[in-house]
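Q: Can you walk me through this one? I'd like to go piece by piece.

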Amino acid sequence: MHNSLRNDFPFFANNPGLVYLDNSATSQVPACVIDRLNRYDLLEKASPFRGLYPRSVQATDDYEHARDLVRDFIHARSSQEIIFTRNATESLNLVAYCAGGTLIHPGDEILVGITEHHSNLLPWQQLAKRTGAAIRTLFCTRDGSFRAEDIDRAMNEHTRLLAITHMSNVFGQINDLQSIAQAAHSRNVLVVADGCQSVPHIPVNVSELGVDFLAFSGHKMLCPMGIGVLYGRKSLLESLPPFLTGGEMIEDVTMDGAVWAPLPQKFEAGTVNTGGAIALGEAVSYYNRVGFEVMMAREAALTRRLMDGMAVIPHVRIVGSSDPDRHHGIVTFTIDGVHPHDISAIMADQGIAIRAGHHCAQPLHAYLGINATSRASIMFYNTEAEIDAFLTVLSEIRGAMGYAD
Amino acid sequence: MPIKPFYNEILTDHNLYPSHKKELPDANLTLRGVNPSCGDRITLHLRVNEAGMIEDGTYTGDGCAISQASADMMLDLIIGRDRETALHLCSLFMKMIRDAVTDSELEELEEAAALKDISHMPSRVKCAVLGWRTMAEILRPAESDSVLPCTIE
């Protein structure tokens, strides 16, 4: 099938022999996003917020317009709830740093999903060490889902915060954050969600989900690296102290103290990544123009083709559900007797880019009893021919490693 | 047309049919080596007598074919040798991986010379040297604070 959206991405014309199936690590970027970034950097660059001349005023307007686009994209109630950061890791660290002594106190417990990427685990580990809080693990079932009764049982009167992903970067499984947030809130537990894999692939509505914080990165959703987002409930963000201090985030400064700027500037210290934010706004506009309906239909069809093909190759085992509709383009797998790095190296030799390792989810791999896995991850711009090329190589890997079967 | 064998046959054989991948109950030296970038891990078990001779050695663990085969070839080479010879071979192996080895040095490495091409695969160097690095860590004299003969930049 012809995929005209693919033409929007110059990467593919520049890499004609490459089958790119590492989209969960980082996505490619459409030309319109880079054109918009270039326009700002080459033709329109000025420091936002402070200048009284037209270029600066325009930069401020464009930066804030990008924030409004992101607000609408994830259905936040207010633009003040959208904080621009470097990436999801910085977003999560922001919350974890500011939570010490405010949201988290000695003796409190922080519940962390076993599925979490290291960036939604280590900030909480460090916070627990700093504050004298404890980390508790929320375990998932074999297919990567969380059962309501397990969530309920894992919380107690000391639990203050639950850190959990919206979509696992290993299973591709979506967690029902709405129910999870309801259960957590009924016990006064805050929910910090990792939206890195969900926001680029499914419509996300933070107001409906009811989570307190949601972090995601621009580079996984058609943007260059270096721009990310923290969504936070306004009343919570207002109650937190600033993360970094310095320029732009103040209202009034004396030698003895300062009055912080209102949201969202309070959490955006220093000269901001204006071009990155504008590029993210353009990426959001691209999503809006194409529509999730089109993208999701393509990703679902490609995932089904991929998993149907994998199911009939002997010795290939898929991690998580056998139902393609529950993977959202993320298919993690093993081959009996072949280490994931050898799989990845053979794939690379055949012009196919996939990921091998523990995908920054080492505790999850230990829990599943697997040292490492391989992962193919799909974006709407992939093609049926690419899936078929991957399947052909996959079926020949054991032979290439010296097995007689 | 099926894709060709990916690694050379010596490497593939050592990976599929390792001679030394097992526990060593009477080991007196054991060390775990980890390659954090890809999760390869090897635990090296050696039995070294008072004269410094490596009487026996095995490895356990999990990793890519290069890391496993390299450790197996290394044990083929160092069992029955003394500590100094093992460390010397290690430094030759590291030279080979840096593509700086002479033909006569290559001969000393016997089958392990099959890994010479790794010098052209920068992303796999850490896999190839994992077992060797671990061996050097175990065997280097306790009083020595000199740079390991088996480090690689």
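**A loop in chain B, then the rest**

A: Start with D99(B), which is found in the loop between α3 (83-97) and α4 (103-108) of chain B. Keep in mind that this is a predicted model.

Q: What is phi like at D99(B)?
A: Phi of D99(B) is positive, about 65°, although D99(B) is not a glycine.

Q: And is D99(B) buried, exposed or partly exposed?
A: D99(B) counts as partly exposed, because its relative accessibility is 43% and that class runs between 20% and 50%.

Q: Which residue in chain A has a positive phi without being a glycine?
A: F49(A) is one of them, with phi near 80°. F49(A) is found in the loop between α2 (31-44) and α3 (54-73) of chain A. At 24% relative accessibility, F49(A) counts as partly exposed.

Q: Change of topic. How is chain A divided into domains?
A: The domain assignment gives domain 1, made of 4-21 + 291-400, and domain 2, made of 32-288. Their C-alpha centres lie 28 Å apart.

Q: How many residues are in contact between domain 1 of chain A and domain 2 of chain A?
A: In domain 1 of chain A, 31 residues are in contact with 31 residues of domain 2 of chain A. The two domains bury about 2700 Å² between them, and 63% of that is on carbon and sulfur atoms.

Q: What about salt bridges between those domains?
A: The rule finds one salt bridge across the interface of domain 1 and domain 2 of chain A. D143(A) forms a salt bridge with R326(A), and the closest N and O atoms are 3.4 Å apart. For polar contacts, the count between the two domains is 13 residue pairs.

Q: Which elements give two or more residues to the domain 1 side?
A: On the side of domain 1 of chain A that touches domain 2, they are α11 (292-311), β12 (330-335) and α13 (362-368) of chain A. α13(A) gives the most to that side, with six residues. By class, that side of domain 1 has 17 nonpolar, 10 polar and four charged residues.

Q: Now the two chains. How many residues are in contact there?
A: 15 residues of chain A are in contact with 21 residues of chain B. About 1600 Å² is buried between chain A and chain B, with carbon and sulfur atoms giving 56% of it.

Q: How many salt bridges does the rule find across the interface of chain A and chain B?
A: One. R124(B) forms a salt bridge with D342(A), the closest N and O atoms being 3.1 Å apart. Six residue pairs are in polar contact between chain A and chain B.

Q: Which elements of chain A give two or more residues to the side that touches chain B?
A: Those are α12 (340-349) and α14 (384-400) of chain A. The largest share, five residues, comes from α12(A). The side of chain A that touches chain B has six nonpolar, six polar and three charged residues.

Q: Where does N87(A) lie?
A: N87(A) lies in the loop between β2 (82-85) and α4 (88-99) of chain A. The side chain of N87(A) reaches the backbone nitrogen of T89(A) at 3.3 Å.

Q: Last one. Which peptide bond is cis?
A: The peptide bond from L263(A) to P264(A) is cis, with omega near -5°. P264(A) is found in the loop between β10 (258-260) and α10 (274-290) of chain A.

Conventions
Residues numbered from 1 in each chain as written. Chains lettered and ligands numbered in written order. Predicted model: local features only at pLDDT ≥ 70, side-chain atom pairs only at ≥ 80, totals over all residues. Heavy atoms only, no water. Domains from an automatic or database assignment. Contact = heavy atoms within 4.5 Å. Buried area = accessible area lost by both parts, 1.4 Å probe. Salt bridge = Lys/Arg side-chain N within 4 Å of Asp/Glu carboxyl O. Polar contact = N/O pair within 3.5 Å; in protein donor to acceptor, adjacent residues only side chain to side chain. Helix = DSSP H or I, 4+ residues; strand = E, 2+ residues; numbered from the N terminus. Nonpolar A, V, L, I, M, F, W, Y, C, P; charged D, E, K, R; others polar. Buried < 20%, exposed > 50% of the residue type's maximum accessible area, 1.4 Å probe, protein only.
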